[in-house]
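User: I have a structure open and would like to go through it with you. Can we start with the charged pairs?

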Amino acid sequence: MRADGILGTVRSIFRAELVNRAFGDPGVLVDLKFERRAMLFDIGDIAVLPTRILLRVSDVFVSHTHMDHFSGFDHLLRVCLGRDRGVTLYGPEKFITHLEHKLAAYTWNLVENYETEFVVVAHEIDSRGLVQRARFRSTNRFQREALPGGAASEGVLLETPLFRVRSVPLEHHDITSLAFAFEESVHINVLKNRLDDLRLPTGPWLTELKKRVREGAADSTRIRVQWRTRSGPRVQEMELGELKQKVLEFVPGQKICYVTDVADNERNQAALATFLQGADLLFIEAVFLDSDRAHAERKAHLTARAAGAIARAAGVKSAVPFHFSPRYLGREADLRGEFAEAWLYPQNGTDGPRPCEAIRSGCRREEPASD
């Protein structure tokens, strides 16, 4: 127990890291270790990920279907095929057709004989937030089956009691590239000294209490507390609302954002300033140096300076630049330095650095812990 009376340490329920280093294929892994679940933001070269991680991947969010962002789906399918867990994918316009063609490139005359069915469900989000859905089942040789569509209100693609994932459409040449935000729900801390005041024990009932709170159960919901003492078993019931007030503390969760393959134009800048606002950790492409800005404009990518300025405008707390062009092999420090200068310091360089964490040069976050 901490000195402030909070039971346990407040740390994230997940870890987020680049799949590859800054010069490799873009992609971020979000591993919800205590949920036995993982997600990928883009799926290019994923050969470095161990099988035990890939078997936990439940959702893949694809910015667009250029090869370095989507070719790894084949590897994921090969590893997971025959398992009892399917995968759900999300992507921009024409995504379902691209996935259909990828699956149609293989011969599936044996797959229906597998003991378990593997199901791929795809979501395609257009610029208006409308969502088309389709299913591809191994028992149907991965033929496309239409599913009812819907809408991604405020860009929300996936929402659970623990987190949600949102997207925003951005311009990259003449196609859409999606940026993503992973947003934790609030952390729920247990105040141990308050439990002691009420003469209540710790135990599994606290997990149930937090589960009911996350589900939005009514304050009148009765929570049953059972424990054993030297004099025998004891049972006590209390209302959820009373327990929330007396023994729980609510702390905002973290916001992690992923941005890649976007043009440096006013529309994208404005959209990102809002979408990234207050992010705890931003993964953002920084493909070229500002001295090659004209080339970056032709390629519809961000320079390190432009990426740093976007991070600064959004007030992000920590950042990881990535997707460095191979033309700068051996000059990684130049890209990181240019990004840091634009992010941490103002344009005129007169009022000192921002009070933010140092730029993250690695790709691994701290180990997670439950809330």
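Analyst: Arg305 and Glu338 form a salt bridge, with the closest N and O atoms 4.0 Å apart. This is a predicted model. The pair links distant parts of the chain, as Arg305 lies in helix H10 (residues 304–314) and Glu338 in helix H11, 33 residues apart.

User: Is Glu338 buried or exposed?

Analyst: Glu338 has a relative accessible area of 11%, so it counts as buried. Arg305 is at 31%, and therefore counts as partly exposed.

User: Which residues join Arg305 and Glu338 in one network?

Analyst: Asp290, Arg293 and Glu341 belong to the network along with Arg305 and Glu338, through salt bridges that share partners.

User: How many salt bridges does the count come to?

Analyst: The count comes to 29 salt bridges. One of them joins the side chains of Lys102 and Asp74, at 2.7 Å from N to O. Lys102 is in helix H4 (residues 95–104) and Asp74 in helix H3 (residues 73–80), so this pair ties together parts that are 28 residues apart in sequence.

User: And how exposed is Asp74?

Analyst: Partly exposed, because its relative accessibility is 21% and the cut-off for buried is under 20%.

User: What about Arg135, which residue does its side chain meet in a salt bridge?

Analyst: Glu145, at 2.9 Å from N to O. Arg135 sits in strand E8 (residues 130–137) and Glu145 in strand E9 (residues 144–151), so to speak a link between distant parts of the chain, ten residues apart. Glu145 is buried, with a relative accessible area of 15%, whereas Arg135 is partly exposed at 29%.

User: Switching to H6. Which of its residues are buried?

Analyst: Helix H6 covers residues 204–214, and its buried residues are Trp205, Leu206, Leu209, Lys210 and Val213. Seen down the helix axis they fall within an arc of 140°, so they line one face of H6.

User: What is exposed on the other side of H6?

Analyst: Pro204 and Thr207 are exposed there. H6 is followed by Gly216, which has a positive phi near 80°.

User: One more loop. Where does Ser325 lie?

Analyst: Ser325 lies between strand E19 (319–322) and helix H11 (332–344), in the loop. Its relative accessibility is 9%, so Ser325 counts as buried.

User: Which residues is Ser325 in contact with, leaving aside neighbours within four places in sequence?

Analyst: Phe23, Val287 and Phe288.

User: Last topic, the whole protein. How many helices and strands?

Analyst: The protein has eleven helices and 19 strands. Of its 371 residues, 50% are buried.

User: What share of the contacts with a separation of 6 or more comes from residues 24 or more positions apart?

Analyst: Such residues account for 64% of those contacts.

User: And the accessible surface, what does it come to?

Analyst: About 17900 Å², with 47% of that belonging to carbon and sulfur atoms.

Definitions and conventions:
Residues numbered from 1 in each chain as written. Predicted model: local features only at pLDDT ≥ 70, side-chain atom pairs only at ≥ 80, totals over all residues. Heavy atoms only, no water. Helix = DSSP H or I, 4+ residues; strand = E, 2+ residues; numbered from the N terminus. Buried < 20%, exposed > 50% of the residue type's maximum accessible area, 1.4 Å probe, protein only. Contact = heavy atoms within 4.5 Å. Arc of directions from axis to C-beta. Areas by Shrake-Rupley, 256 points an atom, 1.4 Å probe, with all protein chains shown as cover.
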